[in-house]
Amino acid sequence: MEEKPRPTWQIILRSGILGGGIAAYLCLVGLVEAFSERFLIGSFLTLGEVMLVTGILIAGLLTARELKDNKILATGSSLLSGVVSSLPLILLIFITMLFVLRPEILGATYNLRDMFVNLSPELVEILTLGQGLDNLALGILLLILLSALMSLLGAAFVLLPRRWSLGLISGIAWVLVIGIFSDTVSQIVRQVAGQGMIRVIFVNEALTPQAAVIIFAIAFVTGFFSVHTRIQTRWEGIPQTQQSRTRMILLLAAFGFLLVLPWVVGLFLSQALFTVGLFVMMCLGLNIVVGYAGLLDLGYVAFFAFGAYTMGILTTTGSLGRGGLNFWMAIPFCILVGVVWGLILGFPVLRLRGDYLAIVTLGFGEIIRILALSDWLAPFEGGAQGVLHIPYPNFLGIIFDSPQYMYYVVIAGGLIAAFVTIRLRESRLGRQWMAMREDEDVAEAMGINLVQTKLLAFAIGASFGALAGGVWAARLGNIFPHSFNLLISINALAVIIIGGMGSIPGVIIGALVLVGMPELLREFTEYRYLMYGILLIIMMLVRPEGLLPEATRRRELHTGEDENFEPVSQQPVGSDR
Amino acid sequence: MNKKVFAILSLLIFASMILVACAPAATEAPAEEPPAEEPPAEEPPAEEAFECDDAIGCVELAPDDPVHIASMLTISGATSFLGEDSVGAIEIAIDDRGGTLLGRDIQYTSEDSLCSAEGGQTAATKVASDPTILGVIGTNCSAAMTAAMDTISSAGLSILSPSNTAPTLTLDDPAAGGTFKPGYFRICHTDFFQGAVAGEFAYNELGARTLATIHDGSPYADQLQEVMANRFMELGGEVTFQGAVNVGDTDMRAVLTSVAADSPDALYFPIFEPEGPFIVAQSSEIAGLENTILIGADGLLVDSFPENSGPNAVGMYLTGPFVTGAAYDEFLAKWDAKFGGVPPSGFHAFAYDGTNILFDAIEAVAVTDADGTTYVGRQALRDAIKATADYDGVSGKVDCSDKQFGEFTSKGDCATGEALGVFEITEAEVDDGNWPPEVIYTP
Amino acid sequence: MLKGFLDRYLERFSWVSFFLRLFQIAAIIIIVVGVYNTLTTAKYTNAQWVTLVFAGLAQGSIYALIALGYTLVYGILLMINFAHGEVYMAGAFTAVFLANYQAESGFLARSPWLAILSWLALAVVVSTVIAILLERIAYRPLRNAPRLVPLITAIGASFVLQYTFRGFYGTVFRSYPTVPALQGTVNVFGAQVPLVQLVVLIAAIILMVILYFFVDRTKRGKAMRSVSEDHDVSRLMGINIDRIIVTTFALGGALAGAAGIFNGLFRPQGVFFFMGFFPGLKAFTAAVLGGIGNVRGAFIGGLLLGVIESLFPNLILEGLGIPAVNQLRDAFGFTMLVLILIFRPQGIFGERLAEKKA
């Protein structure tokens, strides 16, 4: 492919159809229509419109990127590919017309909307830019025109001089981000500047046009003068000693910022931060099992559940209560129970490897959830009715009844977990884990006691999970078995792999992206899961090593790529067959 | 030197960031410190003509502020039909007032509380963090409400539920499992009502003497079948089997075989789709269930249920909310005009009544002073809702005073149990898609 | 020194093995006691047991067909195609509309076999296309990435497929129409077994045999086996690896599509976007149970898991006096998996090699 450039018409057609395909997919899946009333800027621009044009933008961008050496050709081609990308949408309009709205034309006997629920009159209305079926020709013309324009805009990202395109991209991106996260931004604005300021920036959920212009301008300027690269070059110019000192100061400042954060961002965002912190704590534990010891655990939620139920039963004031402890006294028991169950569940799987381990641990997670739910054990732990009346932690008379307080508990727990993780990684045990991760047989031959090493990994990992479960139960006040589903295990695993396996900053970034962001995008309801899935795929395709991978691991991966690295998906040559 | 300046500069920037961050925290601290008691709304200044003396504070509406209400419902997930049902009713109630209240626009925010404890709590913090919100409609699922209760109550909000049926939500005695907190009101019936109706119907009307129940591990189904079984035993019946399936199960033959071992007269399974249709369809394959009458509950009162269950559903019964009368027909007409068709579930009438009760209460307690600022006392609002009695709603008579169920005193239960019925599924529903089915029994 | 050696010997071998053995013995005693109690109370008739076995076999044949897809892909790429359950859903969910349309138009009543064949064709095509797209978009670019990376994209793809189809076809639960020609029961050992269950079981066995011959006898099948042995050597032998991998995914997809229709025949309800998730998990379990990477193992594992789920809660747990046993069915299924893997860590038919590679 590289030696022979593709003919121009093929580029136009390919990117046009790809872009139009994306747009048509978003229409069919319902995103365009669902957000056609969700305004981003005043009453001009809706999120649905943005989604519709995203695909077309991509068409122009792809075309222009491949032809960027010849700007005139690129501009013309992207214009054409924009027209091409409107074809799938036009097809959608006609299909909707013939099989849903006007079946009499072809005598269609099946209403296609029974199948594709989103082939609605509203969709036609949106696609024809408000013209509807009555002015179909005009509507389609407008759609083609819009596609061509948007495709040009996409091409502009590539073709404009670098500064301009950076400014443009950063301007558009910031307006869109603030528009989409208007909910979150307004929470912060409310805390910092009061209700009055919200009315200046937002009208309902949308940015006011003035605010949008200002944000665009600021972002454009920062992009245009590429402020962050300037800061970076400055930073690199500073001598090492000062760098580390400044870094220290920055770190302290960041820590101080972390401490006041819940009071800056308000109740709801504190709750989101709490959830993120909880996942950080939990994922640090899973990181030991998966990232360090290389044991693929898909049932980590089991330990989370053990922690939560231990906390629940030990502290609840309800009829299931045993012990009547308070939060702080129950925490050690949570950890203890986590360790014990880590050992118990780790034991039967000592002999299993790889995917066998994965399915068995997944099974454990399900077994624990089902047992928690069962009528059989209900007299002890509540069954379907869960454990209610778990009191809030009480610290020196302050009752931790809001996420703003519990946030500090997870920060403390997260710090402890991070500290333990770092110390363990540097220890003899940590090196044993990593040796085991690389090759169990060699590790055993080197005199590592696999049984002990594996069980310790399970137990320590489980204790973090149980700790997180205990804190979670105390925040929630009541726990139900349904909460402990497979999704938590999957999410935790995704966090550490997206973040970069084995890396602590990676876990934090991963949790922010995969746990925090879905919390903030609650208005997307079901579509959150769709986006979550797309995000997982794209991130792994773009950065298979994760966002912030461990340095050694990154080195390993990259040396592997350069040299005669044996791909993992292949069987090693000369294995014992 | 240049670099030194830069280092100092960056330090300064961060220091100022922290200051900025701290400043609002410091000033707002008094309002935030004990969120349990302190009102989120700011106290009106003393020199104002109106002094807010409400125990948990007032919401202050500047002259051009909208009246802001919210809902926390199940908009996504397997039970999203409940949320759609309620949201539609709320929107109709808003339309009925022309979108205005107290001469202001009504602003309506819809939050997704999912059908889980953590979803309920997150939605609750979201609603509680907006001090402009006056009242809330929610939640659909009892588990979500249990977790949301504390946050909502301590934020001073009033919440009216269209479809929580767990009895414990309105009991304030923790020893009885009660989780009630002030500010919670329930417009729909508790399981005490529905379970009793189902038990009486099975025993008295169907003449059943033996009963089996199946739940799906949801708190709702578990409690409902328990109340039903208890009522059935009180009447003198015998419960032969109380089993359970899991959400996601598709093969019900094993559990049905267990039921069939005693060939009970009736089988009560207050569960949801798709597990419900599986039970109905597969029951015909099991020897010993030929004479067992199937009874479902409101979770299966969905228009797709009869068709999905197939011919076996003919002759089975569903207990659930049953609303009738001219006002309800009018409501259905509005629904049809706005959304087309009929509501997807059976709780819309409660959502509609709840919204209207909330609006009436806001109107009743709102005080507007000379400069056009309106104050709504949060405790006064709760009291006004609590004082609702003899309200003639679409769902029948609504009365929010304390009620007695056997040994339990319930607070904030507004339903009088009128709006319940037993539906019979016939060929018309299964073959011709008729919906809703005929009601053959009311208490 | 000798003592140290002895200690280590004891710790490494006898300690773990001893406890695992103890665990096995305890499990067997519990199972025997449960079975004995249930059978002596004679709560269920023999006919009921037979009914349960056949229901389990029919269910198991669905698991088996899906499990084949897992096992084929695993054999060649050594990766868990976590989204395979969604491939099954895609076919079944799409074909349900055709089925209902044909039921309404009377075509189903006129020529039922042709109708079922057309559903099969549609479901197989859709599932195959989805499986191929999945490989192209989510797996091929990552073929040389660390093992866990394709697992995460597979999980991502699983979400994307579920919610794509939810967006396309809505949230309403659909049902397949009942096929009059398949109604009725057959008398087997004194029990009335629904005809449709037998048909599904036999059809699944036929498909399995066809697959077996394809893998064992055809040139393409030989190439597949070669690739699963060694990618590099296969390439040297002139095998187009990409094409073989696509073939594998297509085969798995086709079988999953067929499974979707069979499922719709004998259990028409509950067709919706999430319908693939649990069967996918179960099929994966079945594949591991039989020894992942092994075609025969996946099939037997599927049937076994179906019967375990259908029969054992009533047979074993009820005898132990546990209430609401059917709630525990999945837990029990997984427990049996753990037990079997303790006996044979490589699954029933798995070779030691599979363990090595994994």
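Strands S13(B) and S14(B) run antiparallel and are joined by 2 bridges; helices (H or I, at least four residues) and strands (E, at least two) are DSSP runs, numbered from the N terminus, and two strands pair if DSSP finds at least two bridges between them. This is a predicted model, where local features need pLDDT of at least 70 and side-chain atom pairs count only at pLDDT 80 or more, while totals for chains, interfaces and linings use all residues. Residues are numbered from 1 along each chain as its sequence is written, chains are lettered from A and ligands numbered from 1 in the order in which they are written, and side-chain values use heavy atoms, with hydrogens and water left out.

**The open sheet in chain B**

- S13(B) and S14(B) belong to an open sheet of 3 strands with antiparallel pairing, in the order S1-S14-S13.
- Strands S1 (58–61) and S13 (367–368) of chain B sit at the edges with a single partner strand each, so one side of each has no neighbour in the sheet.
- In the hairpin of S13(B) and S14(B), 5 residues lie between the strands, and Gly372(B) there takes a positive phi near 85°.
- Thr368(B) has Thr374(B) as its bridge partner in S14(B).
- On the other pairing, S1(B) and S14(B) (residues 374–377) are antiparallel over 4 bridges.
- Bridge partners in S14(B) are Gly377(B) for Cys58(B) and Val376(B) for Val59(B).
- S14(B) is covered on both faces: Thr374(B) and Val376(B) on one side, and Tyr375(B) and Gly377(B) on the other, are all buried (under 20% relative accessible area, with exposed over 50% and partly exposed in between, using a 1.4 Å probe and protein chains only).

- S10(B) pairs in the parallel sense with S8(B) (residues 210–215) over 3 bridges, and Leu267(B) is the bridge partner of Ala212(B).
- S10(B) also runs parallel to S11(B) (residues 293–296), joined by 4 bridges, with Gly296(B) as the bridge partner of Phe269(B).

**Where chain C meets chain A**

- Here 80 residues of chain C are in contact with 71 residues of chain A (contact means heavy atoms within 4.5 Å).
- About 6,800 Å² is buried between the two chains, and carbon and sulfur atoms give 71% of that; buried area is the accessible area (1.4 Å probe) that two parts lose on being put together, summed over both.
- On the chain C side, Ile152(C), Phe159(C) and Phe168(C) lose the most area to chain A, together 9% of what that side buries.
- The count of salt bridges between chain C and chain A is 1: Glu526(A) with Arg166(C), whose closest N and O atoms are 3.0 Å apart (the rule asks for a side-chain nitrogen of Lys or Arg within 4 Å of a carboxyl oxygen of Asp or Glu).
- Helix H6(C), residues 148–169, gives the most to the side of chain C that touches chain A, with 16 residues.

**Chain A overall**

- Chain A has 24 helices and 6 strands.
- Its C-alpha atoms fill a box of roughly 75 × 60 × 60 Å, taken along the principal axes.
- Of its 577 residues, 56% count as buried.
- Among contacts in chain A with a separation of 6 or more, 74% come from residues 24 or more positions apart.
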